[in-house]
Every structure is written in C-alpha cells, then in structure tokens.
Amino acid sequence: LSAAHRPAHTFDAVVPPPSPDYASADSWAAHWPGEDAADLSPPNTLYPEAQATAAVDVFFIHPTCYGKPEFWNGPIDDPDVQNSVAGILMYLASVFNAAGRVYAPRYRQFNVSALLERESISGLQAIELAYRDVEQAFAHFVQHFNQGRPFILAGHSQGSIHGSRLLQEQIVGTPLQQKLVAAYLIGMTIPADLPGIHPSRSTTDLGTIVNWTSYAPGGDPTFMREDVVIWVAGSYRKARGIASIQINPLSWEFHGAKVPAADNPGSLPADPSSELPPLIPGVTSADASGAVLVVDTPSVAGFPGDGPDMPLLNADRGDFHNYDY
C-alpha cells in the first residue's frame, strides 16, 4: 500500500459521498430475485445455484475495493468500485447461492488506507461511517427482505470487521440470534471468546462463527494478528493479544489439524473471464491447528499475488488473504 491511496485531507475536511438509500435497488450489489454476479457457479460444482428454492437468506458484506485518495469512504456509484464489487460477488458471495438467497448491500466502504492511518483519527471515523451504512442495510434487510427466515451472515476482510460488530451489537442476545445459521466472518481476526456465541466445531454446528486467515508456510501474519483494527467489547482496538478463531475449511473443525491436499474436493482459481472457471481438486492442504490457517502454496495457475512490492495481503509473499474464500 502506498501513500497514493491515503487522502491528503482529514475525514472532517471533506463531505463524504452521499448515504445509500436501501429502499433503492441501486444500493444493493446483490438482491434476490434480481440477476447479479452472486448468481454464478462453477460448471463442475456439486452445488449449483438454487436461490429460488433456498430455505435461508444470506447477508453478505463485501471486502475493501476502494483506494482512491479523493475520499476516506468510497462512493457506492464509483464505476471502478462497482466493477470490483461485481467480481467479489462472483468469486466470494456466489459460494452461498446453492443454500441461500444472496443480499449484498453497497456501502461507503472505508479507504484501504484507513486501517493503517497513524496521523489522525480519520481512519477510525471512516471505519465508523462504513459500519453505520452496513447497520442500516441490515436493518432494511431484516424488515423488508428476510421476513423471519433463517439467515447466514457473511463477509470477508473489511466486510468481516463490520460483520463482527453487527453480530455483537445487533444479533447476539436478540431474537435474531435464533435465526442465525452461521456467521462466516472470514479473513479477519475474530476473537474466539465473544460472549454469547462460540466458534463452529463441526460441519453441522448451527448458530456459530466460522473464520480463517490463510497463509503459506513462512507467510507473515503480523498485520492480521496484531495491527488490524477490530470491534471488541464496545470499541475498536488493535488485534494484538487476541486469539482468533481458526476453522479448518477442509474439516470444519475449530483449530482442526492438517487435512492433506488429496482430501480437498476443489478450489476456485482466479480467471479474467466473466464466467467462473471449473473447480480444481487437490490444490492445497489446510492446517488450522495454530494461530492462523496454513495452506500449501498452489502449484497450479490461478492463484497469483501482486508482485514483490505489495507488502500486505499478497500471495507472492505467502499471504493468501485474497483467496480465503
């Protein structure tokens, strides 16, 4: 990440982009039964898209894809943001479309530099604004779309930061908790001891949290384990000192021991086309027995990094954050 991403002004110096109107379809990147990128599925999956008959809903919060210096929070109508969000829905949110109807709000996501901000409180202000959008979107989802059906809460990276706070403030301890199938708050530090809810421990566990953060052997997890900003016990704080939930996605066990690549039924490679490519079996093992999920560096094409100059979240440096899903 470079200084080119960071706004030169403070958060309060510039009026943020307009707030989304969640009564408008324009404020939703995925909105069943409309057609969107979350409807796609790999051609060889055993679980093709089936939202029309799905018994549950999915509230999906997308990760960061805004790094322009104009704002601390990205406009939801920025064409580059909309294109990036469509790709995210295609590769991440679509994983749920055999089981649930996917709803994904557009929100004024915080700038990629917000978590690294040291010179002012602008980063925290941007995180707060983004969360408030997500909170409003969730309230609209519950009132107008969900109609009391069971639901999955899901996110990745920035989306999991907001999802974790949403879980703590709006779901745990409320009647909504009885409808929670699971909270997939992947790619973030998620405390293992959150009050009122516990990590998933099996493939059939309900009402639990699922998370992992993916690294190759030798990858440096310092940012995710110590420096990232998360919501805990009513305030934002650094993750340093917090034991994070790590679920093995090949066994679904809490801190599950290594499962060999031969038992991996399929990984989804990145592909520049507008369709999802076939799943590739046996790409990597998974070991969640330690502080993070350790995976083999894939020996097949489709899992590239960002080159040697990208210090964080870069598969070329052993950080497979962008491939968590």
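Tutor: Ala, Val, Leu, Ile, Met, Phe, Trp, Tyr, Cys and Pro count as nonpolar, Asp, Glu, Lys and Arg as charged, and the others as polar. With that in hand, let us look at this structure, which is a predicted model.

Student: What is the volume of the second largest pocket, and which residues are the closest to its centre?

Tutor: The second largest pocket has a volume of about 180 Å³, and among the 14 residues that line it, R225, I242, A243, S244 and A291 are the closest to its centre. Its lining is made up of five nonpolar, six polar and three charged residues.

Student: Why are helices α2 and α3 called oblique to each other?

Tutor: Helix α2, residues 122-146, packs against helix α3, residues 158-171, at an angle of about 60°, their axes being 10 Å apart. Angles under 35 degrees count as roughly parallel, and the range 65 to 115 as roughly perpendicular, so α2 and α3 are oblique to each other. The crossing of α2 past α3 is right-handed.

Student: Which residues make the contact, and how do they divide by type?

Tutor: From α2 come I127, E128, A130, Y131, R132, V134, E135 and F138, while α3 brings Q158, H162, R165, L166, E169, Q170 and I171. In this contact of α2 with α3, seven residues are nonpolar, three polar and five charged.

Student: What lines the largest cavity, and what volume does that cavity have?

Tutor: The lining of the largest cavity consists of H9, F11, V14, P16, F71, W72 and N73, and the volume is about 40 Å³. One cavity of 30 Å³ or more is counted. Five residues of the lining of the largest cavity are nonpolar and two polar, with no charged residue.

Key
Residues numbered from 1 in each chain as written. Predicted model: local features only at pLDDT ≥ 70, side-chain atom pairs only at ≥ 80, totals over all residues. Heavy atoms only, no water. 1 Å grid on protein atoms, 1.4 Å probe; cavity = no way out; pocket = protein on both sides within 12 Å on 5 of 7 lines; lining within 4 Å. Points joined across faces, edges and corners; volume = space filled by probe spheres on them. Axes fitted to C-alpha atoms, helices over the stretch in contact; angles between N-to-C directions. Helix = DSSP H or I, 4+ residues; strand = E, 2+ residues; numbered from the N terminus. Parallel < 35°, antiparallel > 145°, perpendicular 65-115°, else oblique. Left-handed = near helix turned anticlockwise from the far one by under 90°. Contact = heavy atoms within 4.5 Å.
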